[in-house]
Number of protein chains: 2
Amino acid sequence: MSDALAPGQAIGILGGGQLGRMLSVAAGRLGYRTHIYDPGANPPAAHLAERVTCAPWDDRAALRAFAQSVAVITFEFENIPAETLAALEDLRTIRPGLRALEVSQDRLEEKRFLRGLGLQTAPFAPVASTADLAAAMAEFGPEIILKTRRMGYDGKGQVRLGAGADLAAALAELEGADAIAEGVIAFSAEVSVIAARNVAGAVAAFDPGENLHKSGILHQTRVPARLSAAQRSDAVIIAANILNALDYVGVLGVELFVTPGGILVNEIAPRVHNSGHWTQNGCAVDQFEQHIRAITGLPLGDGARHADVVMTNLIGDDIDRLPDYLVAPDTAVHLYGKAESRPGRKMGHVNAIIRAR
Amino acid sequence: MSDALAPGQAIGILGGGQLGRMLSVAAGRLGYRTHIYDPGANPPAAHLAERVTCAPWDDRAALRAFAQSVAVITFEFENIPAETLAALEDLRTIRPGLRALEVSQDRLEEKRFLRGLGLQTAPFAPVASTADLAAAMAEFGPEIILKTRRMGYDGKGQVRLGAGADLAAALAELEGADAIAEGVIAFSAEVSVIAARNVAGAVAAFDPGENLHKSGILHQTRVPARLSAAQRSDAVIIAANILNALDYVGVLGVELFVTPGGILVNEIAPRVHNSGHWTQNGCAVDQFEQHIRAITGLPLGDGARHADVVMTNLIGDDIDRLPDYLVAPDTAVHLYGKAESRPGRKMGHVNAIIRAR
């Protein structure tokens, strides 16, 4: 505790979306102030923070003033330009560190890192030509997924290719972006582990949640996930291995595939994660507070799950069902303060608490 | 729903202390923005709100600008000057309305109002002289409590008088403030009901909590309170009667004494209440969100209790125990962002979740 950030100090958060917003609220609960940095005007987190800077990622003066106004910097998403982070790193500690970002920003780097830890992943190969694609299909087939190495999220930047696909056209779609081909995994469930590691190296993980996607975007997370006790501890151990290997400080989201041959790592996100939103209503300490505790040098909290929870995202027109959710039993609504809904836009989520048995 | 405040609209909150701060967070969760008005510099709610105006209660220009920037006005405490409220009421709807404030700002008015509803209270009498005091002591004795009619909270503005007390000195202490004498109630428990009534007239109450005071300040609230089923429903019905009689919109705190002769009303607070903080970790919808729902025209949420909770206030030096609370099992810490602790100052609270049986 002696090295922990004192209450009243300010935390800088890069990115003012819903994750930054919920991080800001959690920071407040621990007595900290927050300063949001976002290139957009009127970002959602601005409604629930002490200070907001709306400036481009390459505005050196704004970045400097931001860094100097806070005691530590964190971020809500992994696709922040490397130059921005490099400029900030000279001025203030950034947690988690840049190594975690480098790994998770590049799907090829990520896969190699995970394999290097002895973890299982989907088969993969870098792709620079139709010949590479054809070879990957022959090896991993009958279907493969072609993905950009960078900037992919919510199913963007990826396409599934089967027999007879026009490989040249698929590659042309990427407009020269570096790419990777992955084999398709026959999984029985996709689960994710939200885990944290603090400055002192302590690790804690929330109970794994089971994810259901729609159109490539997370639709629902349910806890408990349908896992055996052995699978449950495997999942947590995998997350802990990754945290320790990266000397990570903060919350990390780890998406896993459950297969007959064991648990594979799909991808990691070096931040609080949509599949961890259930913790807001299922635990005394949620993922947002756990992240703030980790990066401020506080001890990690008890993230024991005290209820079964079903988290459902409100995406685009889903928001029209808000009146039903507002009166649903034991249901907590979390809106993000976004003015207009658009297809695919995350407007909020609801946590339905399933009574303890 | 059709008349409900649209998401993205702004709510004005008079008072920027911890209650205003937690109201602001709840408003954000429902997609609203908030504007805090507080006479002090850097009030706690300023860290978690979109806008803050720091100006005196009698600054007409600031009040006007504040009112014009929001769609509805509410408050976090009942001792706002009447002139301030009158000035604002001409410009925007204030919820709850001024009738509730008039009643709760004056202990004599409050007691008469409650008796008028057929509810039991402690015996009471207005006091203007030592003769009045002596008469009250003779009638309600052996001990009585002398209280100022206005501006009392957390045990301030009151003194207990027994046989042989210097009545003239006690009265002189009040410096001419209007006063009331109350009989001392032999109660087996003090409980409070946090209840809400929305624009449509719907009423909902949280499970009663049992309060423990230290030095006149709330120390702990435990749910469930030790009440029989009959007492439990009596308590809720009392709260509902008060809400309906005041045509109340918002959350109301009702403090009750449980006695062998039935349940007496001690006092009412026309706002979210310290004894309702347990709802943050015991219910899907907490008292802060219930208040925001009520004043914005939304349906009230399901405030069913899904856990036993012990809420403990962190007052003054209690904050030194923070390191223990941060690592206590199933314990949620809620700090208010106040820089310095002082004796009697509420710095935060902790909710310990007791596992469902």
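# Briefing on a predicted two-chain model

In this predicted model, 38 residues of chain A are in contact with 38 residues of chain B, two residues being in contact if their C-beta atoms, placed from the backbone, lie within 7 Å. Local features need pLDDT of at least 70 and side-chain atom pairs count only at pLDDT 80 or more, whereas totals for chains, interfaces and linings use all residues. Residues are numbered from 1 along each chain as its sequence is written, and chains are lettered from A, with ligands numbered from 1, in the order in which they are written.

**The side of chain A that touches chain B**

- The elements giving two or more residues to this side are helix H1 (18–29), helix H11 (322–326) and strand E16 (331–335) of chain A, where helices (H or I, at least four residues) and strands (E, at least two) are DSSP runs numbered from the N terminus.
- E16(A) provides the largest share of this side, with 5 residues.
- By class, the residues on this side of chain A are 22 nonpolar, 10 polar and 6 charged; Ala, Val, Leu, Ile, Met, Phe, Trp, Tyr, Cys and Pro count as nonpolar, Asp, Glu, Lys and Arg as charged, and the others, Gly among them, as polar.

- Chain B has an open sheet of 4 strands in the order E3-E2-E1-E4, with parallel pairing, where two strands pair if DSSP finds at least two bridges between them.
- E3 and E4 of chain B are the edge strands, each pairing on one side only, and neighbouring strands of the sheet are turned by 20° against each other on average, direction ignored.
- The parallel strands E2(B) and E3(B) are joined by 4 bridges, and B:Tyr37 has B:Thr53 in E3(B) as its bridge partner.
- In helix H2 (residues 60–68) of chain B, the residues B:Leu63, B:Phe66 and B:Ala67 are buried; a residue is buried if 20 or more other C-beta atoms lie within 10 Å of its own, exposed if 12 or fewer, and partly exposed in between, with C-beta atoms placed from the backbone.
- Seen down the axis of H2(B), these buried residues fall within an arc of 95°, so they line one face of the helix, the arc being that of the directions from the helix axis to the C-beta atoms.
- The exposed residues B:Ala61 and B:Gln68 are carried on the face of H2(B) turned away from its buried side.
- The buried residues of H2(B) pack against strands E1 (10–14), E2 (33–38), E3 (51–54) and E4 (72–75), and also against helix H3 (82–89), of chain B.

**Packing of H1 and H10 in chain B**

- Helix H1 (residues 18–29) and helix H10 (residues 287–296) of chain B pack at an angle of about 65° with their axes 8 Å apart; axes are lines fitted to C-alpha atoms, for helices over the stretch in contact, and angles run from 0 to 180 degrees between N-to-C directions.
- H1(B) contributes B:Met22, B:Leu23, B:Val25, B:Ala26, B:Ala27 and B:Arg29 to the contact, and H10(B) contributes B:Phe288, B:Glu289, B:His291 and B:Ile292.
- Of the residues in the contact of H1(B) with H10(B), 7 are nonpolar, 1 is polar and 2 are charged.

**Backbone geometry**

- Most residues other than glycine have a negative phi, and most peptide bonds are trans.
- The peptide bond from A:Arg95 to A:Pro96 is cis, with omega near -5°, and A:Pro96 is found in the loop between helix H3 (82–89) and helix H4 (98–105) of chain A.
- A:Val223 and A:Pro224 are also joined by a cis peptide bond, with omega about 0°, and A:Pro224 has its place in the loop between strand E12 (217–223) and helix H8 (229–245) of chain A.
- A:Asp330, although not a glycine, has a positive phi of about 50°; A:Asp330 is in the loop between H11 and E16 of chain A and is buried, with 21 other C-beta atoms within 10 Å.
- B:Ser215 likewise has a positive phi of about 50° without being a glycine; B:Ser215 is in the loop between strand E11 (209–214) and strand E12 (217–223) of chain B and is exposed, with 11 other C-beta atoms within 10 Å.
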